[in-house]
Amino acid sequence: MQSLDPKPADFSDPLFNSREPAGDWFMVTKHGGSPIGFSAAMPAFKDAFSDEEIQEMIAHLKTLAGDHNYPPGDLNYLRAFRTKKAWPEDEVVYLNRFTRRPDGEDAVVNALEFERRWFARWQTEFKLVHEFEGSQGRWDEVEAGAKYVLYDHLPRTFLLSGGADFAVSLRSGNEAEAILFLAAAKGLGDAFTLQTSLKSHLPFRDAGEGDLEWASVVHWIPTPWPRGVFPGLELTARIPFQPGDQDAVQWTILPQLNFGLSRRGHVRAAAGVEIPLNQRSYDFRFHAYFLWDYADGMFWEGWRKSRARPAGISEYE
Ligand code: HEM
């Protein structure tokens, strides 16, 4: 064991044991490390064991960390654009949004978000936002916040989190707001996932000028391989606390595609178009993101099949 490079996984560590979905471990055990971008030292067991036997082994591996408070990674679903994720992530995300306005004042927003897990159920996040309006660019906003997993139930495939973000505008005036949110995730059979979030934006100057934002997304997961294309459909509603002369509820729909880029699926991209269903203050919005889940390895790892070599050879190299 000591001579293996990389070392086989330590299944008694509750963070490691809980983080990866059983389905991903099934794929690693059945097909070996190499096709999923892990080490070829992890052999494929598809000729030695049936799918049921592999499933039983994985179920056993999942018990090796004993009793713990870490939520199961099986409830970590794909990131959407407007729906807040319930799962606590270790991720760096670059986000881009282009808004086409009827008056020609198109806007481009670029943001960088850093998310980090703490303890069993916490996550903090930090976001820096830059905006181009017409030809003028400026730093728009910084956001910092925390999220906590309130409830998880693997047999019912349900996860619920709550948290708060604080956003400070970097434009003149330095306005600030608090964003309180609840986020839930629910599996819908083997091939679909549902995520919903409810956020309330509360400006410090006058919370009454804020709003409530509901967003939900369904993703279709057509393949168990992490590298692939995963379609999603998101629906959002914004409910201002003080509706003006416009409709009380503003609806949008956002079809999107999520791409697992690396073999491990730890580097992903997504693109989608948001279309207002009423109150067309903009014609459409193009959303895109690019993310690296750094808990699953360095950015450059896990892209290619690794070369098979006899286990333990590193000590002779
Ligand atoms: C039926 C027995 C086995 C099962 C169920 C099993 C399962 C797994 C799983 C689930 C992982 C985790 C991958 C991850 O998410 O990080 C893993 C990693 C690994 N396993 Fe196994 N394994 C078995 C036998 C072996 C054997 C016999 C070896 C070596 C001779 C081995 C070497 C490795 C190595 C080196 C890794 C780390 C891969 C990496 O991080 O790149 N495994 N194994």
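**View 1. Strands β8 and β9 pair side by side in the antiparallel sense.** Strand β8 (residues 211–220) is joined to strand β9 (residues 228–240) by nine bridges. Strands here are DSSP runs of E with at least two residues, and helices are runs of H or I with at least four residues; both are numbered from the N terminus. Two strands count as paired if DSSP finds at least two bridges between them. His-219 stands opposite Gly-232 in β9. The model is predicted, so local features need pLDDT of at least 70 and side-chain atom pairs count only at pLDDT 80 or more, while totals for chains, interfaces and linings use all residues. Residues are numbered from 1 along each chain as its sequence is written.

**View 2. Strands β6 and β7 form a hairpin.** Three residues lie between the two strands, and Gly-189 in the turn has a positive phi of about 75 degrees. Strand β6 (residues 176–188) and strand β7 (residues 192–203) run antiparallel and are joined by 12 bridges. Phe-181 stands opposite Lys-199 in β7.

**View 3. Strand β7 also pairs with β8.** The pairing is antiparallel and extends over 10 bridges. His-201 has Asp-211 in β8 as its bridge partner. Strands of a sheet pair through backbone hydrogen bonds, either parallel or antiparallel.

**View 4. The strands close into a barrel.** The barrel has 12 strands in the order β1-β2-β3-β4-β5-β6-β7-β8-β9-β10-β11-β12, with antiparallel pairing. From one strand to the next the twist averages 20 degrees. Axes are lines fitted to C-alpha atoms, for helices over the stretch in contact, and angles run from 0 to 180 degrees between N-to-C directions.

**View 5. Glu-175 lies in the loop between β5 (158–169) and β6.** Apart from neighbours within four places in sequence, Glu-175 is in contact (C-beta atoms, placed from the backbone, within 7 Å) with Ser-169, Pro-203 and Arg-205. Glu-175 and Pro-224 are 49 residues apart in sequence and 45 Å apart in space, C-alpha to C-alpha.

Note on methods:
Two residues are in contact if their C-beta atoms, placed from the backbone, lie within 7 Å.
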